[in-house]
Amino acid sequence: MYENINNNMSRETLMNKIQSINFTVIELGLYLDTHPDDQKALYFHNQRANELRMLTDCYQKMYGPLSILCPCDQWRWLEEPWPWEKGGNC
Amino acid sequence: MPDEKSKAILNDIGTEELAHLEMVGSIVHQLTDGVSAEELEKVGLGAYYTDHGVDVYPSAASGVPFTASYIACKGDPIANLQEDLAAEQKARATYEKLINLCYDDPDVLDPLRFLRQREVIHFQRFGEALNSVQEKLAQKRFYQTNNSCMQNNNNNNNNSNHNNCCSN
């Protein structure tokens, strides 16, 4: 199911993948809000949401927290750049 | 909101819109970060620089600051959803104007195109929510009087009275 995830992915590639799957999950979620009985959409949402969780865990283990909710041994939340800064993935 | 679909879609689109505010703010921040006062004045941002430096200040293109008076809430689900639908179209139209002005900068153009598409999707979802609310409000309401329960109230058999009430 997760054959497209591997540990050799660069930080940028991994972040791009997370952002793109994050978008897919949100978009499917909006669709499901008004079409809750669509089994195909539900299946895709399930698949992508699981993949997103795996990729996020993988990223956070290697590169530090993506949200303040991430448990850390040392407080890495202060590390720059922030998303809106240069080199911050946007 | 009278139905669960519209509650969910309002919550989720509202959340996404706040992220859009961050995206637009980031675009403005990145375009003005490190630009000299002289350069800002040359492109017509002298007044903005005087009031705000290069901080991101939420205001209309004409300089009118954002205020809560832009947000209408009427205490009426149909009026509120129509307002949301109109807001999506106004946002789409504004993004199209911005796209016309930013044709030479792909780093600005691409996110603007993305944001424009999101407004189209939101309009679609709000339309579905509105249909759902209208259907709900148009439903005939039936009120049931539990006859068997009332009859049993006059009956001395307490057990059957209790059972009948609970099963209805």
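In this predicted model, H1(A) and H5(B) run roughly parallel to each other. The reason is the angle: the two helices pack at about 20°, and angles under 35 degrees count as roughly parallel. Their axes are 9 Å apart. H1(A) passes H5(B) in a left-handed crossing.

Which residues meet here? From H1(A) come Leu30(A), Asp33(A) and Thr34(A). From H5(B) come Ile121(B), Arg125(B), Glu128(B), Ala129(B) and Ser132(B). Sorted by class, this helix contact holds three nonpolar, two polar and three charged residues.

Now take the contact of the two chains as a whole. Chain A puts in seven residues, and chain B puts in 13. On the chain A side, four of the residues are nonpolar, two are polar and one is charged.

Next, the largest nonpolar core. Eight residues make it up. H1(A) gives the most, with three residues. In soluble globular proteins, nonpolar side chains tend to be buried together.

H1 of chain A covers residues 11-34, and H2 of chain A covers residues 39-63. Their axes come within 9 Å and cross at roughly 150°. Angles over 145 degrees count as roughly antiparallel, so H1(A) and H2(A) are roughly antiparallel to each other. H1(A) passes H2(A) in a left-handed crossing. By class, this contact has 17 nonpolar, five polar and four charged residues.

Finally, pick out one residue of chain B, Glu41(B). Glu41(B) sits in helix H2 of chain B, which spans residues 37-42. Is Glu41(B) buried, exposed or partly exposed? Around Glu41(B) there are 14 other C-beta atoms within 10 Å. A residue is buried at 20 or more and exposed at 12 or fewer, so Glu41(B) is partly exposed. Leaving aside residues up to four places away in sequence, Glu41(B) touches Gly46(B) and Tyr49(B). Gly14(B) is another matter: Glu41(B) and Gly14(B) are 27 residues apart in sequence and 35 Å apart in space, C-alpha to C-alpha.

Conventions: Residues are numbered from 1 along each chain as its sequence is written. Chains are lettered from A and ligands numbered from 1 in the order in which they are written. This is a predicted model: local features need pLDDT of at least 70, side-chain atom pairs count only at pLDDT 80 or more; totals for chains, interfaces and linings use all residues. Helices (H or I, at least four residues) and strands (E, at least two) are DSSP runs, numbered from the N terminus. Two residues are in contact if their C-beta atoms, placed from the backbone, lie within 7 Å. Ala, Val, Leu, Ile, Met, Phe, Trp, Tyr, Cys and Pro count as nonpolar, Asp, Glu, Lys and Arg as charged, and the others, Gly among them, as polar. Axes are lines fitted to C-alpha atoms, for helices over the stretch in contact, and angles run from 0 to 180 degrees between N-to-C directions. Angles under 35 degrees count as roughly parallel, over 145 as roughly antiparallel, 65 to 115 as roughly perpendicular and the rest as oblique. A crossing is left-handed if the near helix is turned anticlockwise from the far one by less than a right angle, and right-handed if clockwise. A nonpolar core is a set of buried Ala, Val, Leu, Ile, Met, Phe, Trp, Tyr and Cys residues joined through C-beta atoms within 7 Å.
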